[in-house]
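Here is a short report on one structure. Please read it with the model in view.

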Number of protein chains: 2
Amino acid sequence: MNSEPGRGDAFDPDCPTRVVLDRIGDKWTVLVIRSLEDGSLRFSELRARIGGVAPKVLTQTLRAMERDGLLTRTVHAQVPPRVDYELTALGASLTAPIATLTDWAETHLSRILAARESYDSAS
Amino acid sequence: MNSEPGRGDAFDPDCPTRVVLDRIGDKWTVLVIRSLEDGSLRFSELRARIGGVAPKVLTQTLRAMERDGLLTRTVHAQVPPRVDYELTALGASLTAPIATLTDWAETHLSRILAARESYDSAS
DNA sequence: CGGCATCCAACTGGATACTG
DNA sequence: CAGTATCCAGTTGGATGCCG
């Protein structure tokens, strides 16, 4: 994959880690996944559930995830229009690693915050 | 933490998930952690190991990680100067969740890439 | 309702040059 | 050697308004 196999190849845009990290690091992707864990939602429901996200940005996030095969977008031909978003098996399988990360975060947050405080006060 | 406990609270900057995600999603943090897994390195070694990172950016990354208690920065009073960076126990404990993510990435990359191709050709 | 188009402000990452 | 200072380009996230 790179001149240093097995090592830091994440500046290669096609590196698996980079691809996933770019998506995970996105501000809204993780929120969308967690919101869809219990089943499909329509656009406005997602928007309300997540809160504070502009429609354009939510659309961007959703399209990127759809492109990566993490969720499906179903347009119902009716008036008013209705569009449902649902995790694919691939998208659902991402909940596991995310949960690992979340658990770590919750467990160690106090330590991080404490480190920050002591670092800031030492400056 | 939020009006919807247990749910999407990641737009709160102090949310544990958000704090960790911001760091993980950073372009270089994961590379630094992986580079330091086998022991401490000095600034120039890190730079060479990672490749393609500007000094300023590497410094920023390192400082942010030091602030969060993920690594220690040790200045040796000698000429020429020498500064060693080493993971703390906290930083080292992050390698586990990262490995989970990396494993997922490597396992599912082909599927993601395939999804992208079919999505792009359908447009 | 579910967007797309437009415009925009802020932040991020980076190239380059210089210093204790 | 290990940064700092400066400047800069690209991207991200967002506000607003219009449309099928």
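Helices (H or I, at least four residues) and strands (E, at least two) are DSSP runs, numbered from the N terminus. This is a predicted model: local features need pLDDT of at least 70, side-chain atom pairs count only at pLDDT 80 or more, and totals for chains, interfaces and linings use all residues. Residues are numbered from 1 along each chain as its sequence is written, and chains are lettered from A.

**The sheet of chain B**

Chain B has an open sheet of three strands, in the order E1-E3-E2, with antiparallel pairing. Strands E1 (41-42) and E2 (71-76) of chain B stand at the edges with a single partner strand each, so one side of each is left without a neighbour in the sheet. Two strands pair if DSSP finds at least two bridges between them. E1(B) and E3(B) (residues 82-87) pair in the antiparallel sense over two bridges. Arg42(B) has Asp84(B) in E3(B) as its bridge partner.

Helix H4(B) (residues 55-67) lies across E2(B) and E3(B). H4(B) runs at about 115 degrees to E2(B). Here axes are lines fitted to C-alpha atoms, for helices over the stretch in contact, and angles run from 0 to 180 degrees between N-to-C directions. Contact means heavy atoms within 4.5 Å.

**Two helices**

Buried means under 20% relative accessible area, exposed over 50%, and partly exposed in between (1.4 Å probe, protein chains only). Seven of the eight residues of helix H2(A) (residues 29-36) are buried, so H2(A) is largely enclosed by the rest of the structure. Among them are Val30(A), Leu31(A) and Ile33(A).

Helix H6(B) (residues 95-121) has 27 residues. H6(B) reaches 37 Å from its first C-alpha to its last, close to the 39 Å expected at 1.5 Å a residue. The expected span is 1.5 Å times one less than the number of residues. H6(B) bends by about 55 degrees at His108(B). That bend is the angle between axes fitted to the seven residues ending there and the seven starting there. The buried residues of H6(B) include Trp104(B), His108(B) and Arg116(B).

| Residue | Relative accessible area |
|---|---|
| Cys15(A) | 1% |
| Cys15(B) | 1% |
| Ala115(A) | 17% |

Where does Ala115(A) sit? Its place is in helix H6(A) (residues 95-121). Ala115(A) touches Arg67(B), Asp68(B) and Gly69(B), not counting residues up to four places away in sequence. The C-alpha atoms of Ala115(A) and Pro80(A) are separated by 52 Å.

Definitions and conventions. Heavy atoms only, no water.
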